[in-house]
Amino acid sequence: MACNGCAVSSRLGFEFSMAFQPIYDAVDERVWGYEALVRGLSGEGAPEVLSRILPDQRYRFDQDCRVKAIELASRLFPAGEDLKLSINFMPNAVYEPAACLRATLRAAARCSFPTSAIMFEFTENEEVEDTAHLTNIITEYRKHGFTTAIDDFGAGHAGLGLLVDFQPDLMKLDMKLVRGIDGSPARQAVVSGVLGIAGELGITVLAEGVETEAEYLFLKAAGIRLFQGYWFATPAFEDLPPVRLGSVPAIGVVA
């Protein structure tokens, strides 16, 4: 069953939808999943859309994003493929974890989208106001089989302190650590340390913001398996973009 892909609207006072960017598995040489990225209907990026949200709309926006991402993914993802849908969420907008999952679970059931295919990651650069509350959120999400991830690790508010408080399934290296890493001993040293910590804690590492073949090849040789960035594909509005397979030119959607 595929759900309609119309824009979410009215209760917020504005409409938005999603673009999708692939996450590439360098070992299996296939698409591992797609991240749903909020966009305005005229292509406006996430910062512009987020700037329209009033403080008392944060919870509604967070809930609508989840539903919208699931509806679109159920329509776009090829049938029978093992793909993850990565959804950004706002920890500070979640007031009670179980209650805040009701819309997500209803949308997944209505669209016949498996909850095991959903990954929740912290929305970019949001400071966690209550780490105990965040731990409760992660515990509840894992009960339902969701994968959990820290976004932008190594920049902003996503740092070692969060790993002490809880261990996600996956961490996404911030693009500031990735950019030009093939020629930066300092970045290489930091990423090497992060990979060591992640390995000890059993956390999968994803390199995001990869823009060059040199960055990709260095990080792959360092032991990173999952990748995301313009080197592989730019986000496509309400669609799945063609994907570059490692150093192979883009040849169409691969899943």
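Biologist: Hello! How many salt bridges does the structure hold?

Modeller: Good place to start! This is a predicted model, in which local features need pLDDT of at least 70, side-chain atom pairs count only at pLDDT 80 or more, and totals for chains, interfaces and linings use all residues. Residues are numbered from 1 along each chain as its sequence is written, and side-chain values use heavy atoms, with hydrogens and water left out. With a salt bridge taken as a side-chain nitrogen of Lys or Arg within 4 Å of a carboxyl oxygen of Asp or Glu, the number of salt bridges in the structure is 14.

Biologist: Which residue meets Asp-25 in a salt bridge, and where does the partner lie?

Modeller: The partner is Arg-225, at 2.9 Å from N to O. Helices (H or I, at least four residues) and strands (E, at least two) are DSSP runs, numbered from the N terminus. Asp-25 belongs to strand 1 (residues 16–25), so its pairing with Arg-225 ties together parts that are 200 residues apart in sequence. The partner is thus Arg-225, in the loop between helix 9 and strand 8.

Biologist: Is Asp-25 buried or exposed?

Modeller: Buried means under 20% relative accessible area, exposed over 50%, and partly exposed in between (1.4 Å probe, protein chains only). Asp-25 has 3% relative accessibility, so Asp-25 counts as buried.

Biologist: Which residue forms a salt bridge with Arg-60?

Modeller: Look along helix 2 (residues 58–76), where both partners lie, 4 residues apart, about one turn of the helix. The closest N and O atoms are 3.6 Å apart, and the residue is Asp-64.

Biologist: How far apart are the closest N and O atoms of Arg-142 and Asp-169?

Modeller: Both residues are partly exposed, Arg-142 at 36% relative accessibility and Asp-169 at 31%. These two form a salt bridge, and the closest N and O atoms are apart by 3.8 Å.

Biologist: Why is strand 3 described as largely enclosed by the rest of the structure?

Modeller: Both faces of strand 3 are covered, with Lys-84, Ser-86 and Asn-88 buried on one side and Leu-85, Ile-87 and Phe-89 buried on the other. In a regular strand the side chains alternate between the two faces of the sheet. Strand 3 (residues 84–89) is therefore largely enclosed, the number of its buried residues being 6 of the 6.

Biologist: Which strands pair with strand 3 in the parallel sense?

Modeller: Two strands pair if DSSP finds at least two bridges between them. Strand 2 (residues 30–40) pairs with strand 3 over 4 bridges, and there Ala-36 has Ile-87 as its bridge partner. On strand 4 (residues 118–122), which is joined to strand 3 by 5 bridges, Ile-118 is the bridge partner of Leu-85. The parallel partners are strand 2 and strand 4.

Biologist: How many aromatic pairs does the structure hold?

Modeller: Rings of Phe, Tyr and Trp (its six-membered ring) pair if their centres lie within 6.5 Å; planes under 30 degrees apart count as stacked, over 60 as edge-to-face and the rest as tilted. By that rule the number of aromatic pairs is 14.

Biologist: What kind of pair do Phe-14 and Phe-16 form?

Modeller: Both of these residues, Phe-14 and Phe-16, are buried. Their ring centres are 6.5 Å apart and their planes are at 50°, so the pair is tilted.

Biologist: And what kind of aromatic pair do Tyr-216 and Phe-227 form?

Modeller: Tyr-216 is buried at 3% relative accessibility, and Phe-227 is buried at 0%. Ring pairs also link Tyr-24, Tyr-216, Phe-227 and Phe-232 into a cluster. For Tyr-216 and Phe-227, at 4.9 Å centre to centre and 75° between the planes, the pair is edge-to-face.

Biologist: Which residue has its charged end over the ring of Trp-231?

Modeller: A charge sits over a ring if NZ of Lys or CZ of Arg is within 6 Å of the ring centre and within 35 degrees of the ring normal. Here the charged end is 3.8 Å from the centre of the Trp-231 ring, and the residue is Arg-244.
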